[in-house]
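This briefing is intended for a reader who wishes to review a protein model by topic. Please consult the sequence and the structure shown here before turning to the points that follow.

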Amino acid sequence: MTTRWTAVRVLRDRTAGRCLTAVVVSGFGTSALWLASGVWVKDLTGSDGLAALCMLAMWAPTLAGPFLGTLADRHRRRPLLVALSLFMAVLLLTLCAVDGPGELWLLYAVLFVYGAAGTVHDAAESALVAGAVDHSLLGDFNGLRMTANEGMKLLAPLAGAGLYTAYGGPGVAVLDAASFLAAALVYLSLRVREERPAPAREGGRSATAEGVRHLWGDAGLRPLVLAGGVTMLCAGVSGALTYAVVEDLGHSPAYAGVLYAVQGAGSVTVGLLSGPALRRLGARRFAAYGISLLAVAVALRAVPYDPAAWACSAAVGVGLPAALIAVLTGVQQRTPGPLLGRVTATAGTLVHAPNVIGLAAGAVLVELLGHRAQLVALGVVLGVTAAVLLGQRPASADRTAARSASDASPA
C-alpha cells in the first residue's frame with residue numbers, strides 16, 4: 001500500500017508519539033483492573049452476578065457520552081487530560097480500603113466514576129490529537145492506538161492476575177494508579193498550543209444537542225456511525241455465543257482464551273496497516289470492507305472445525321477494529337475543533353452502547369436458539385450493513401470533508 005512504515009511516521013511526530021505513549025501506559029493499568037475487579041468481587045462474595053456488575057459499572061457512563069463529551073469542549077484539552085489522569089490516580093488509591101463485602105459499594109462507585117472519566121478522557125484525547133497531529137497521520141495514529149490497546153489486552157490481564165494473586169485487589173489498584181500518574185507526566189511533556197475555548201453560547205442541553213446535530217447532519221459521518229453501531233450490536237451477540245462455539249468444537253471453556261488471543265493478533269495486524277489503507281480507500285470503504293470480512297468470519301464460526309475457528313477469530317480481529325478505526329478517524333477529520341469532544345463522545349455512545357445490548361441479547365438467545373443459526377443470521381445482517389455502506393454516494397461525503405477540514409480549530 002505504501003513504502004512508509006506507519007509506526008515510524010507516527011512516532012517521529014512528537015505529539016502523536018507521546019499521546020500514543022500515554023495510551024499504552026494508562027491502557028496497561030486499565031486492562032489489568034478490568035480483569036481483577038471481577039475476580040475481586042467473585043472472591044469476596046462468591047457471586048457471578050455481582051462480579052459481572054463491575055463491567056456494567058464501567059460501561060454504563062458511556063450512555064451519557066453526548067453530555068460528558070461537552071466537558072472536553074469547555075476546557076483546553078491538554079490540561080484536562082493531565083487533571084483527569086491525576087484525579088484517577090488519587091481515586092484508585094481509595095480501593096485499598098476495600099477488604100470485605102461491606103466495602104463493595106466503594107468499588108462499584110470508583111468503577112462508575114472511572115468509566116465516566118474515561119469517556120471524557122477519550123473525547124479530549126481525540127480532540128487534542130486531531131488538532132495537533134497532521135490529518136494525514138490520523139489513520140496511522142488510530143490504528144496504532146488500536147494495536148496498543150489490543151496488545152495491552154494480551155499482556156496486562158496476565159500481569160494483573162499475577163499481581164492480584166500476590167497482593168490482592170489493592171495491588172492492582174495501585175498499579176493502575178501508577179499508570180495514570182505516568183500518563184499525566186507524559187501529557188505534561190506535550191508541547192502544543194491551544195486557544196482557550198470560547199465561552200459557551202448555549203446551556204448544557206443545547207450544547208450537547210449541537211454535537212448530535214452535527215453528527216446526524218453530516219452526510220458522510222451519519223451512515224458510518226450507524227454502520228458502526230450495527231456492527232457492534234452484532235459483535236455483542238456473537239461474543240455471547242463464544243462458549244457455545246467452544247463447546248461445539250469439543251473443548252473446555254478455557255479454549256476461549258486461545259481464540260481471544262488469535263483475535264487479538266488480528267487486531268494488532270490491522271492496527272499497523274490501517275493508516276495506509278485509510279489513505280487509499282477512505283473511511284467509508286475501509287469500514288465497509290472490514291465489516292464484509294467480519295460478516296464472513298461470524299457466519300463461518302458456525303462450522304465446528306478448529307482451523308476454521310482459528311481463521312475466523314483472526315478475521316474478526318481484523319474486521320471489527322477496521323470499522324471502529326474508520327469511525328474515529330472520520331469523526332476527527334470531519335468535525336470542527338470546538339465540537340470535536342462532544343461529537344467524538346456521541347459517536348462513541350452510538351457505536352459502543354449497542355455492544356452492551358448485544359451481549360445481553362446474546363446471553364438470552366443462546367439459551368433459546370441454536371448458536372449456528374444465530375451466527376449465520378448475524379453474518380447476513382453484517383453483509384447487508386457493509387453493502388449499504390458501500391452503496392452510499394461518496395460525492396456528498398467529499399464535499400463535507402472538504403468543508404470540515406478547513407473548519408478544524410488549531411491546537
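Predicted model: local features only at pLDDT ≥ 70, side-chain atom pairs only at ≥ 80, totals over all residues.

D122, E125 and R145 are joined in a network of salt bridges. The secondary structure consists of 15 helices and zero strands, and 51% of the 411 residues count as buried.

**Salt bridges**

- Five salt bridges are counted in total.
- D122 is partly exposed, because its relative accessibility of 39% falls between the limits of 20% and 50%. R145, at 17% relative accessibility, counts as buried.
- D140 forms a salt bridge with R279, and their closest N and O atoms are 2.4 Å apart. Since D140 lies in helix α7 and R279 in helix α11 (residues 255-300), the pair ties together parts that are 139 residues apart in sequence.
- D140 has a relative accessibility of 0% and so counts as buried, whereas R279 is partly exposed at 35%.
- R334 and D218 form another salt bridge, in which the closest N and O atoms are 3.0 Å apart. R334 belongs to helix α12 (residues 306-334), and D218 to the loop between α8 (204-217) and α9 (221-240); the two are 116 residues apart.
- R334 is buried, with a relative accessible area of 10%, and D218 is buried as well, with a value of 1%.

**Helix geometry and burial**

- Helix α13 (residues 340-368) has 29 residues, which at 1.5 Å a residue should span 42 Å; its end C-alpha atoms are 42 Å apart, so expectation and model agree. A kink of about 25° lies at L350 in α13, shortly before the proline P354.
- Helix α6 also has 29 residues, and reaches 41 Å from its first C-alpha to its last, close to the expected 42 Å. Helix α6 is mostly covered, with 21 of its 29 residues buried.
- Helix α5 has 17 residues and reaches 25 Å between its first and last C-alpha atoms, close to the 24 Å expected. Its buried residues include L80, L81, L84, S85 and M88.
- In general, residues three or four places apart in an α-helix point the same way, because the helix has 3.6 residues a turn.

**Contacts of A130**

- A130 is found in helix α6 (residues 104-132) and counts as buried, at 7% relative accessibility.
- Beyond its neighbours within four places in sequence, A130 is in contact with H135, L138, Q332 and L340.
- A130 and T329 are 199 residues apart in sequence, yet 8.8 Å apart in space, C-alpha to C-alpha.
- Across the protein, 86% of the contacts between residues at least 6 apart in sequence join residues at least 24 apart.

**Surface**

- The accessible surface of the protein comes to about 17700 Å², and 67% of this belongs to carbon and sulfur atoms.
- L86, L181, L185 and L188 make a nonpolar surface patch of about 360 Å². Helix α7 (residues 138-188) contributes the largest share of the patch, namely three residues.
- L86 is found in helix α5 (residues 77-93). L86 is partly exposed at a relative accessible area of 39%, which means that it passes the 30% limit for patch residues.

How values were computed
Residues numbered from 1 in each chain as written. Heavy atoms only, no water. Patch = residues over 30% accessible without salt bridge, like charges linked within 9 Å, V, L, I, M, F, W, Y side chains within 5 Å. Areas by Shrake-Rupley, 256 points an atom, 1.4 Å probe, with all protein chains shown as cover. Salt bridge = Lys/Arg side-chain N within 4 Å of Asp/Glu carboxyl O. Helix = DSSP H or I, 4+ residues; strand = E, 2+ residues; numbered from the N terminus. Buried < 20%, exposed > 50% of the residue type's maximum accessible area, 1.4 Å probe, protein only. Expected span 1.5 Å × (residues − 1). Bend = angle between axes of the 7 residues up to and from the residue. Contact = heavy atoms within 4.5 Å.
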